[in-house]
Amino acid sequence: AWLKRRTSQNIVIGGAAGAFPPVIGWAAVTGNVTLEPLLLFAIIFFWTPPHFWALALVKAHEYERAKVPMMPNAKGGARTRKEILVYSILLAPLGVLPTIMGFASMIYGAAAVIGGLAMIFYSVRVLRVAEGEGANKAAMQLFGVSILYLFALFGILVIERAIEVLWPIVG
């Protein structure tokens, strides 16, 4: 909470705290921390800035009034839009790694590719549509896509684990 009002990087710093649950859950269940939960941490960490900064572009005046230095009102909309795209480009290949590493299916991999491309596509739209009502619409579309992206990836992982555990019992 203290950093939220001190730095425009509050979302990046807070993103680390928000990304720890998969690591903590993995450690609680397995008793160790391996590359898999660290990758899940990275996915959430790199997802967080495009997700929240898209909303912050729309709500910049409210953050300004509340004296919270979110990226758009502290560093400007142009820089925020560029950083959203950079984080989305970094996120897209991370999302596919669980399939490449063998702990997620090809269904997950396809969802990660489609979702990663959608994140990049909508981030480019946010970058290109910088003014007026269209800018808010583009930012809110990215915000919505980002919610679906993370929900789909982690939802598929949960379903795959449930099938893996339950199939021997019911099959």
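A crossing of two helices is right-handed if the near helix is turned clockwise from the far one by less than a right angle. In this predicted model, helix α1 passes helix α3 in a right-handed crossing.

The axes of α1 (residues 10–19) and α3 (residues 35–58) come within 8 Å and cross at roughly 140 degrees. Angles over 145 degrees would count as roughly antiparallel and 65 to 115 as roughly perpendicular, so α1 is oblique to α3. The contact involves the residues below.

| Helix | Residues in the contact |
|---|---|
| α1 | Ile 11, Val 12, Gly 15, Ala 16, Gly 18, Ala 19 |
| α3 | Phe 41, Ile 44, Phe 45, Thr 48, Pro 49, Phe 52, Trp 53 |

By class, the residues of this contact divide into 10 nonpolar, three polar and no charged.

Within α1, the buried residues are Asn 10, Ile 11, Val 12, Gly 15 and Ala 19. Their cover includes α2 (21–30), α3 and α6.

The largest nonpolar core has 41 residues, and Ile 43, Trp 53, Tyr 108 and Met 119 touch the most other members. Two or more residues come from each of α1, α3, α6 (77–100), α7 (106–128) and α8 (132–170). The largest share is that of α3, with 13 residues.

Leaving aside residues up to four places away in sequence, Met 119 touches Trp 47, Pro 50, Ser 88, Leu 91, Leu 142, Val 145, Ser 146 and Tyr 149.

Definitions and conventions: Residues numbered from 1 in each chain as written. Predicted model: local features only at pLDDT ≥ 70, side-chain atom pairs only at ≥ 80, totals over all residues. Heavy atoms only, no water. Axes fitted to C-alpha atoms, helices over the stretch in contact; angles between N-to-C directions. Helix = DSSP H or I, 4+ residues; strand = E, 2+ residues; numbered from the N terminus. Parallel < 35°, antiparallel > 145°, perpendicular 65-115°, else oblique. Contact = heavy atoms within 4.5 Å. Nonpolar A, V, L, I, M, F, W, Y, C, P; charged D, E, K, R; others polar. Core = buried A, V, L, I, M, F, W, Y, C linked by side-chain atoms within 4.5 Å. Buried < 20%, exposed > 50% of the residue type's maximum accessible area, 1.4 Å probe, protein only.
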